[in-house]
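Please look through the model below before reading on. The paragraphs after it go from whole chains down to single residues.

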Amino acid sequence: MKVGLLYSRIRRDEKLLLSELRDRGHEVAKIDVRDEQFSLSDPPESFDGVDVVVDRCLATSRSLYITQFLDAYDVPVVNSAATADVCSDKVKNSLALERAGVPTPTTEVAFTTDSALEIIEEFGYPCVIKPVVGSWGRLMAKVESRSAAEAILEHKATLGHYQHKVFYVQEFVEKPGRDIRVVAVDGEPIAAMTRSSDHWLTNAAKGADVQPFEVDDRVRELVETASDAVGGGLLGVDLMETGEDYTVHEVNHNVEFKALNDAVDVDVPATVVDWLESTVESETEATA
Amino acid sequence: MADTITAEDPLTGEEIEIPADVEVGEIVDSPATGAELEVISVDPVTLEEAPELEEDWGE
């Protein structure tokens with residue numbers, strides 16, 4: 001098959017994928033999004049003959065628009081524009097999880113600092129303010145007092161972009177010093193790891209310690225439902241242990257897997273390529 | 001140790017060692033300054049200072 005790999009930076013994740021694709025004899029077109037121009041009707045030449053495009057754009061805005069263009073051109077893309085749309089926005093993400101009956105932390109949204117402060121006071125301390133669009137744990141705030149809340153809200157209101165005036169407030173979940181990342185394809189877990197840190201943020205990008213995690217039946221069920229809720233694809237589902245159950249706080253559509261690949265015995269890029277092959281095969285059969 | 005090649009650091013003008021299997025678009029750290037450099041072409045390898053991370057980058 002011919003795979004178009006959309007990128008703006010080749011990270012180790014993309015390099016692992018490229019190696020696996022080339023080792024299997026697949027043709028790969030690396031497409032640097034910074035060089036492309038998109039018309040309303042015809043795909044750029046770089047996309048000629050590709051069976052599937054793998055969207056590995058770092059920038060959410062690019063990912064959102066390009067997947068829409070590819071949909072318009074009928075060029076298959078993973079993840080889909082619909083999945084990217086839901087996953088890139090924490091409000092849409094939370095709504096999708098709630099709608100699907102997936103346990104997710106209690107969350108409320110307000111559009112003014114006064115209303116946001118009322119939510120925070122209602123939740124009590126600590127609670128969490130998250131940017132609606134963002135990654136790697138950046139600009140996440142654990143709010144421990146009213147005075148801190150007032151300062152954070154004032155700062156957010158002056159940051160400039162309208163998205164910072166969408167105040168997304170979430171209960172603070174007392175997790176056991178770790179959370180769980182499951183990488184899955186169309187709801188089927190490939191592998192999972194725990195991410196532990198003394199810090200309340202346990203992102204691998206923030207240097208959390210990662211260990212393999214054995215997926216149990218409940219996690220499997222939640223991952224499948226969460227994946228369906230956001231439209232499926234290659235996803236990173238993040239869960240926290242609450243004692244008796246799990247809560248799913250996020251589903252990521254531009255999933256990084258190098259830390260997971262190092263932590264587990266499963267060959268993650270190989271499994272992703274297996275899935276790409278079967279996705280293209282089903283697509284070809286469907287259009288035959 | 002992985003194979004390495006040399007390329008010119010665009011910031012210092014020095015020859016630096018980078019992995020031999022670099023890809024166009026890959027980011028390498030300058031061993032001299034720690035700066036992030038982007039691989040612009042291979043054969044021969046040319047490097048440029050990598051763009052800053054933007055707000056919405058990442059997973």
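Predicted model: local features only at pLDDT ≥ 70, side-chain atom pairs only at ≥ 80, totals over all residues.

Two residues are in contact if their C-beta atoms, placed from the backbone, lie within 7 Å. In chain A, 65% of the contacts with a separation of 6 or more are between residues 24 or more positions apart. In chain B, among contacts between residues at least 6 apart in sequence, 18% join residues at least 24 apart.

Chain A contains nine helices and 13 strands. Its radius of gyration is 20 Å, close to the 19 Å that the globule rule gives for 288 residues, so chain A is as compact as a globular protein of that length. Along the principal axes, the C-alpha atoms of chain A fill a box of roughly 60 × 45 × 30 Å. Of the 288 residues in chain A, 41% are buried.

The domain assignment divides chain A into domain 1 (2-86 + 273-287), domain 2 (107-171) and domain 3 (174-266). The centres of domain 2 and domain 3 of chain A, taken over C-alpha atoms, are separated by 24 Å. Where these two domains touch, four residues of domain 2 of chain A are in contact with five residues of domain 3 of chain A. The side belonging to domain 2 of chain A consists of two nonpolar, one polar and one charged residues.

Next comes a sheet in chain A. Strands of a sheet pair through backbone hydrogen bonds, either parallel or antiparallel. Here four strands of chain A form an open sheet in the order 5-8-6-7, and the pairing is antiparallel. Strand 5 (107-110) and strand 7 (141-143) of chain A are the edge strands, as each pairs on one side only. From one strand to the next, the twist averages 30 degrees. Inside this order, strand 6 (residues 127-130) and strand 8 (residues 167-171) of chain A run antiparallel and are joined by four bridges. Cys127(A) stands opposite Glu171(A), a residue of strand 8 of chain A. Helix 6 (residues 146-157) of chain A lies across strand 6, strand 7 and strand 8 of chain A. Its direction is at about 145 degrees to strand 7 of chain A.

Chain B is built from strands: it has five of them and zero helices. From the N terminus on, its elements run β-β-β-β-β. Buried residues account for 22% of the 59 residues in chain B.

Two hairpins can be followed in chain B. Strand 3 (residues 27-29) and strand 4 (residues 36-41) of chain B run antiparallel, with three bridges between them. Asp29(B) stands opposite Glu36(B) of strand 4 of chain B. Six residues lie between the two strands of this hairpin, and Gly34(B) takes a positive phi near 80 degrees. Strand 4 of chain B also pairs in the antiparallel sense with strand 5 (residues 46-49) of chain B, over four bridges. Here Glu38(B) has Glu48(B) in strand 5 of chain B as its bridge partner. This second hairpin has four residues between its strands, and Asp43(B) in the turn has a positive phi of about 60 degrees.

The peptide bond from Asp43(B) to Pro44(B) is cis, with omega near 0 degrees, and Pro44(B) lies in the loop between strand 4 and strand 5 of chain B. Another cis peptide bond runs from Tyr125(A) to Pro126(A), also with omega near 0 degrees. Pro126(A) belongs to the loop between helix 5 (113-123) and strand 6 of chain A.

Asp74(A) is not a glycine, yet it has a positive phi of about 60 degrees. Asp74(A) sits in the loop between helix 2 (60-72) and strand 4 (77-78) of chain A. Is Asp74(A) buried or exposed? With 8 other C-beta atoms within 10 Å, Asp74(A) is exposed, since a residue counts as exposed if 12 or fewer lie within that distance. Leu139(A), in the loop between strand 6 and strand 7 of chain A, has a positive phi near 65 degrees. Leu139(A) has 17 C-beta neighbours inside 10 Å and so counts as partly exposed.

Finally, the two chains meet. Ten residues of chain B are in contact with 21 residues of chain A. The side of chain B that touches chain A has three nonpolar, two polar and five charged residues.

How values were computed
Residues numbered from 1 in each chain as written. Chains lettered and ligands numbered in written order. Nonpolar A, V, L, I, M, F, W, Y, C, P; charged D, E, K, R; others polar. Pairing = 2+ DSSP bridges. Axes fitted to C-alpha atoms, helices over the stretch in contact; angles between N-to-C directions. Rg over C-alpha atoms; globule rule 2.2 N^0.38 Å. Buried ≥ 20, exposed ≤ 12 C-beta atoms within 10 Å, placed from the backbone. Domains from an automatic or database assignment.
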